[in-house]
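Work through the exercises below with the sequence and the 3D structure open beside you. Try each task before reading its solution.

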Amino acid sequence: MSAEATTEERASILLVDDMEDNLIALEAVLGSLNEPIVRARSGEEAMKALLRQQFALVLLDVRMPGMDGFETAANIKRLDQTKDIPIIFLTGADDDSGYAFRGYATGAADYLTKPFDPWVLRAKVNVFLDLHRKNVQLERLLTQEQADYNRANTQLAQLERQLEGDEPLDVPALRAHVRELRQLLSRGRIN
């Protein structure tokens, strides 16, 4: 994790696999990323976890009893709360070659076959974690920009009322409003 990532920029990685050995292997590979890891042993468990907390990424096994990976991915992409979470499908090398196409068709961001190269998996996961952090930062900036915009609108409305009123103008107060507006506007500029 990068040093500038704050607590709210961190989001868990959801590992979904019905095989304990696979979950242990994934945790061993991804543990060095220092991000929270949550396990789910079925598609149903995964959906419950996704509704309880925010995730940056889902690593999803294709073949599981009950709700398989494709059905789980379709459910993830169906919900507004989870539809934008990237999914990396993981499947055995001997699985049907049509699985990759089906995985991408259900909304997967990537598709890896087992056994996978730990360095490649870690690098791919790191890219999605970085994207998540950037999205959180962007949302924070947009929220701040909207707050500044609302404050500027309020200040302008106050100025208009003062200028249109019958009472004598309070020039020092008007100057203070103009200075505050300048500060709000200068925050949005790119230097």
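**Exercise 1: A strand and its partners**

In β3, Leu-59 is the bridge partner of Leu-15. The model is predicted, so local features need pLDDT of at least 70 and side-chain atom pairs count only at pLDDT 80 or more, while totals for chains, interfaces and linings use all residues. Residues are numbered from 1 along each chain as its sequence is written, and side-chain values use heavy atoms, with hydrogens and water left out.

Task: find which strands β3 is joined to, and how many bridges join them.

Solution. Helices (H or I, at least four residues) and strands (E, at least two) are DSSP runs, numbered from the N terminus, and two strands pair if DSSP finds at least two bridges between them. Begin with β1, which runs parallel to β3 and is joined to it by 5 bridges. Then take β4, which is also parallel to β3 and is joined to it by 4 bridges; here Leu-60 stands opposite Phe-89 in β4. Finally, check the cover of β3: 7 of its 7 residues are buried, where buried means under 20% relative accessible area, exposed over 50%, and partly exposed in between (1.4 Å probe, protein chains only).

**Exercise 2: The largest nonpolar core**

Task: identify the residues that touch the most other members of the largest nonpolar core, and the element that supplies its largest share.

Solution. A nonpolar core is a set of buried Ala, Val, Leu, Ile, Met, Phe, Trp, Tyr and Cys residues joined through side-chain atoms within 4.5 Å. This core has 23 residues, of which Leu-14, Val-16, Leu-50, Phe-55, Val-58, Leu-60 and Phe-89 touch the most other members. At least two residues come from each of β1 (12-16), β2 (37-40), α2 (43-52), β3 (55-61), α3 (69-78) and β4 (87-92), and the largest share, 4 residues, is that of α2. A second, separate core has 19 residues, including Ile-88, Leu-121, Val-125 and Leu-129.

**Exercise 3: A residue in helix α3**

Task: decide whether Thr-72 is buried or exposed, and list its contacts beyond its sequence neighbours.

Solution. Thr-72 lies in helix α3, and its relative accessible area is 0%, which means that Thr-72 is buried. Leaving aside neighbours within four places in sequence, Thr-72 is in contact (heavy atoms within 4.5 Å) with Gly-43, Ala-46, Met-47, Leu-60, Met-64 and Met-67.
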